[in-house]
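Subject: Structure for you to look at

Hello,

Here is the structure I promised to pass on. Please open it first, then read my notes below.

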Amino acid sequence: MNKIRLLCLFGGVSEEHEVSLSSARSVLSVLRRERYELLVVGVTREGKWLLYEGGAENLTPDSWQNHTAGEVIFSPARGQEGPLLLLEGGTVRRLPVDVVFPIMHGRNCEDGCLQGLFALSGVPFVGSGCLASALAMDKASTKMILKNHGIAQAAALAVDLSEYRRRPERVVMAASALGFPLFVKPSASGSSRGVSRVESPEGLAAALEEAFLYGRRVLIEEFVAGAEVELAVLGNDDPVVSVPGEIVPGSEFYDYDTKYRKDTASYYIPARVSPGAFATLQKTALKIYRILNCRGLARVDFFVEGERVIFNEINTLPGFTSISMYPKLMEAVGVPYPELIDRLLSLALEEGAGR
Ligand SMILES: Nc1ncnc2c1ncn2[C@@H]1O[C@H](COP(=O)(O)OP(=O)(O)O)[C@@H](O)[C@H]1O
Ligand SMILES: [Mg+2]
């Protein structure tokens, strides 16, 4: 059997660059080399694409760039024998690729930009296409669409930077009408970057300025007191859903430090919810996956208050270290991490270039 020529991408011009390095480290350390002929490309924070020749152990923020073999470009042109162009002095070497696994998160990586490039090139890739990726990345857009389908969610106000600069007092008034505490978050970021809990009108300006650092549109949301619960969905036309997993942050909320730097959080798989809520969560996660036309994988996040299930957000390229929630949830329903990677690559190949 011929090996599958797999291109793994990590890094990216994204607030979640470092998270991606952790995800990629995990994937590279378990990938079945007998099955895949591996090419690895790291994208620097500045957006330079470099062919990576180090192992999983060298894939750290400080050292990965010392293990690279030159600059590469991924070409959008079709019909060439290799879309990955290695620039060697004055010459160009084409490297063939059968499938791409973007092990990356957030802006420029999970938001349809990269997916557009792969779609143009005609090379199959892991995860959702351009539109689903773009919609899922933008919380205001996701919420608008899901509202039309009757999916319960926190009341929210989307505010654009220009609008806020013109009439800040109006925004403060409209936000206050939602009642305090409030959550303020960038519409399109991740890893809790720019997210704040606001206790009173006086705190709004600082929270909005912080959120606007990550994009021109911000969401102001009513506070939901429920348990935080996440589900993993895997598949194309017949997706499967995991059991819900529960996160107890052990801090004010599930912020960046709680996610990646501290160990106050506790996790419960399955989540400690009623059988009714359990079933509603699974049904709703699948429904959302279908509404947005996701492919491959997504993690769908909710709050649960008793029997009420309230949608929070969806991630089309969720954190993917071996101990991240998505792989843990799939493991809990019988898909171990190395097999999960194989399944995702098969789904990408099955989906093919026709998106
Ligand atoms: N409306 C809300 N009510 C209560 N907590 C919230 C709300 N929105 C966000 N949070 C808290 O902030 C965290 C990060 O917000 P989230 O919307 O998930 O953004 P991100 O995409 O950065 O993960 C959540 O995991 C949760 O702890
Ligand atoms: Mg989140």
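**Around the ligand**

A nitrogen atom of ligand 1 is 2.8 Å from an N or O atom in the side chain of Glu 221. That is a polar contact (a pair of N or O atoms within 3.5 Å; within protein, one must be able to donate a hydrogen and the other to accept it, and residues adjacent in sequence count only if both atoms are side-chain atoms).

Before you go on: this is a predicted model, where local features need pLDDT of at least 70 and side-chain atom pairs count only at pLDDT 80 or more, while totals for chains, interfaces and linings use all residues. Residues are numbered from 1 along each chain as its sequence is written, chains are lettered from A and ligands numbered from 1 in the order in which they are written, and side-chain values use heavy atoms, with hydrogens and water left out.

A backbone N or O atom of Ser 192 sits 2.5 Å from a ligand oxygen atom. For Tyr 254, a backbone N or O atom is 3.0 Å from an oxygen atom of ligand 1. Taken alone, ligand 1 exposes 540 Å², and the protein buries 96% of that (Shrake-Rupley method, 1.4 Å probe).

The shell around ligand 1 holds 19 residues, counted if a heavy atom lies within 4 Å. Lys 139, Lys 185, Ser 192, Glu 221 and Glu 228 are the closest. By class, the shell has 7 nonpolar, 5 polar and 7 charged residues; Gly counts as polar. Domain 2 (135–152 + 225–351) and domain 3 (156–222) each give at least three residues. The domain bounds come from an automatic or database assignment.

**Aromatic pairs**

The whole structure has 14 aromatic pairs. Rings of Phe, Tyr and Trp (its six-membered ring) pair if their centres lie within 6.5 Å; planes under 30 degrees apart are stacked, over 60 edge-to-face, the rest tilted.

Phe 10 and Tyr 52 pair edge-to-face, 5.4 Å centre to centre, with 85 degrees between the planes. Phe 10 lies in strand 1 (residues 4–11) and Tyr 52 in strand 3 (residues 49–52), so the pair ties together parts 42 residues apart in sequence. Strands are DSSP runs (E, at least two residues). Both Phe 10 and Tyr 52 are buried, meaning under 20% relative accessible area (1.4 Å probe, protein chains only).

Phe 183 and Phe 253 are also edge-to-face, at 5.1 Å and 90 degrees. Both are buried.

Best wishes

Note on methods
Helices (H or I, at least four residues) and strands (E, at least two) are DSSP runs, numbered from the N terminus. Buried means under 20% relative accessible area, exposed over 50%, partly exposed in between (1.4 Å probe, protein chains only).
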